Each structure stands twice: as structure tokens, then as C-alpha cells.
Amino acid sequence: MRWDNLSTGEATEGAPALPIRVAGAVERTFDTPEFRGMTFYEVRAKSIINRVPGTSRVPFEWTVNPYRGCSHACNYCYARITHKYLDLDTGRDFDTRVVVKVNAGALLRKELASPRWRGDQIAMGTNVDCYQRAEGRYRLMRDIIAALRDFANPFSILTKGTLILRDLDLLTQAAEVTRVGLSVSVGFVDEALWRSVEPGAPSPRRRLDAVRRLSDAGFAVGVLMAPILPGITDTAESIDETVHAIAQAGAASLVPLGLHLRPGAREWYLSWLARERPDLLPRYRELYGDGSYLGAGYQRELTARVRQAARRYGLTAGGVNTARQVVASPQESRVLGTPPVRSRPAEPEQLTLL
């Protein structure tokens, strides 16, 4: 396996040795209902602050990812391709074989203290969800947020995980000394669809409850309305219902994003579509062809419909590439917007966040 960038070669103290595969990793399973069928690979990472390649479409430069693989099991997740780099498959393995960087908090403190670190914005939850189910056991985010608080380093979190509420105390403390941006991903509110396409994630209603609780705590929470699924959740009825629910939850803004199908996610999602909605396969061939992204015309139309619904419910809706930024002192607001730290391409495109 290509795990050299993850492991220092040191096994976790007191843990059984992994028989094959990864020198220095510890393989664990837990016989509890929430982890049944899952395998965790505990590694001691060499580095934790990752620089995003300059060619990336995302509007941030630095990320922290304490996990690889994700129990949310979202069929469309663009990060599935990263499991291929570990010689694992992008389907079932991605959902059930999760790499855990057990030294993430201590390593982050070390890197934040380095004279080379400039205190730039750090984005989390932009690859796999840092508040997925494993976080309930490993509790890596508490040490990570505490380190960012102690160094007054600005950061943002994007999540589907309601476990973020556990760390509300630390988020509040961090927001007193630095910029903290919080966003929750809710692409639709159809409960049957959620059970089918996002089977391991908290329900949309629970995520919206989290938006409300974070908002009540003084955070200006953004909602990433993503992904909007062509032929399924891009209807006027679905958009209106979803935007209305987001507004009722107290979100400060929303950003709509249509589905993109990068390699790894493309195969897994289309196999789901063939089972659940085979009638839509010709439409998807028309929309995507051999590519990963929806055409600019479709994206503009989709964004216009979401904006129209947002106006009805008093929300600020960003374009395909834009999000409302809240600029205030920590005393005026618990959250400041996540300002882009790199220039964005001018043409319409999709952010690769989920």
C-alpha cells in the first residue's frame, strides 16, 4: 500500500501488530452496532497541515484531514478516489475502511508552532467529514480545535456530522480569538432519498437542528446545499422545500452546488442510479458525457432557481462559486466568513467540497 506519507513507522503503544499491509499501522475493529463491519487503521502521521495543489478548484490553500475514508457512505462523495491511492477500492472499502491519524492534535500543535507557519486559514471537512462516526470514539477534533484556539489560527469546518455540537464549547472559545467559519451540508430534505444515497450520515433534519443550535450559540452558519442531484432534487418542489427548511433552521446563507462526478464517485453513484432510477441514465449521459462537471448553462439555471427560492424566504444565496462573507469582530459575531485565500477562475464551475 502507498501509506508512506501517513505513517512514521511507529506502532500505537500497547496495540497488536498489523500482520500485513502497513508497517506501523494498527488495525482495529469494534463489536458495537455503530462500527460493525468497519475496520480502522490507526496511523501516526508525518504531517497534518496539507497544502492544496495550485490547480485545485477550491478557494482555500491549507487543509487538515484527521481521517481518510468515511462512514457517511455518500454514494456521490468525490473523495472516494483517495482510497485508490491506498490500494483500496473506492466503493465499499471507502465506506468501511477508515484511516485514523491518531496523533493529529499533537502534530498540529507542532506544525502551528513552526517558524515556517504563517497562520493562514485552515479548512476542515473538505475531503472526508471530520465529524463522521469514528470521531465519536477517537475524539481527534477536540485536540485539533483546541490547538487552533491556542494559536489563534483561523479555520473553517464543513460537515454533515451533528457531533460538531459536542465541541461547541471549544468553537465558542476559538471564535473569541480568531476567525471561525462553520458550514453544514444539506443538499435536500427528502428522508427516503437520504436513507438511500447518504445511508451513514445523520438525517437532513438532524443536520438542520445542528444549524439551529449553532446559530442560537451566536454563529453565522452557512449551508452548503449540495449536491443537488439532476433529475431528482433539482425540481422546483425539492428546491423550494429544501431552501425553506434551511431558512427555518436559521442559516445565515446558503451556497447551491450541483452534483459532480469525478472518477471513483462516478462509478459508485452511477451504479446506485442504475438500481434506483435507471430511467435517468440517458439524461446523465447527456449532462455529463465523459466529464465530471455539469455544463455552465445548467449550473446558471440551477443557481437562479435556488436564488429565487432564497429570496422568498429571506436568505442570502451565493452563486455556484460564491458564499456570503460575514465580516465582524469576534465581539460582534461568533463566526467570520471564510475568506478565499487564492484567486478563483472567472468561468462558472463547481467547488470540489463534497
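In helix H3, which runs over residues 104–112, the buried residues are Ala104, Gly105, Leu107, Leu108, Glu111 and Leu112. They cover an arc of only 165° around the axis, and this places them on the same side of H3. Ala106 and Lys110, on the other side of H3, are exposed. Keep in mind as you look that this is a predicted model.

What lies over the buried residues of H3? The cover includes strands E3 (49–51), E4 (62–64), E6 (97–101) and E7 (122–124), along with helix H5 (140–150).

Helix H10 is our next stop. In H10, the residues Ala265, Arg266, Tyr269, Trp272 and Leu273 are buried. Their arc around the axis is only 135°, so they sit on the same side of H10. Helix H7 (191–197) and helix H11 (281–288) are among the elements that cover the buried residues of H10. The length of H10 can be checked too: its twelve residues, 265–276, should span 16 Å at 1.5 Å a residue, and the end C-alpha atoms are 16 Å apart, which agrees.

Now for the cysteines. How many disulfides does the structure hold? It holds zero. Cys70 is in no disulfide, and its nearest cysteine sulfur belongs to Cys77, 6.3 Å away. Seen from Cys77, the closest cysteine sulfur is that of Cys70, and 6.3 Å is too far for a bond. The table gives the accessibility of each.

| Residue | Relative accessibility | Class |
|---|---|---|
| Cys70 | 5% | buried |
| Cys77 | 12% | buried |

Note on methods:
Residues are numbered from 1 along each chain as its sequence is written. This is a predicted model: local features need pLDDT of at least 70, side-chain atom pairs count only at pLDDT 80 or more; totals for chains, interfaces and linings use all residues. Side-chain values use heavy atoms; hydrogens and water are left out. Helices (H or I, at least four residues) and strands (E, at least two) are DSSP runs, numbered from the N terminus. The expected span of a helix is 1.5 Å times one less than its number of residues. Buried means under 20% relative accessible area, exposed over 50%, partly exposed in between (1.4 Å probe, protein chains only). The arc is that of the directions from the helix axis to the C-beta atoms. Contact means heavy atoms within 4.5 Å. A disulfide is a pair of cysteine sulfur atoms within 2.5 Å.
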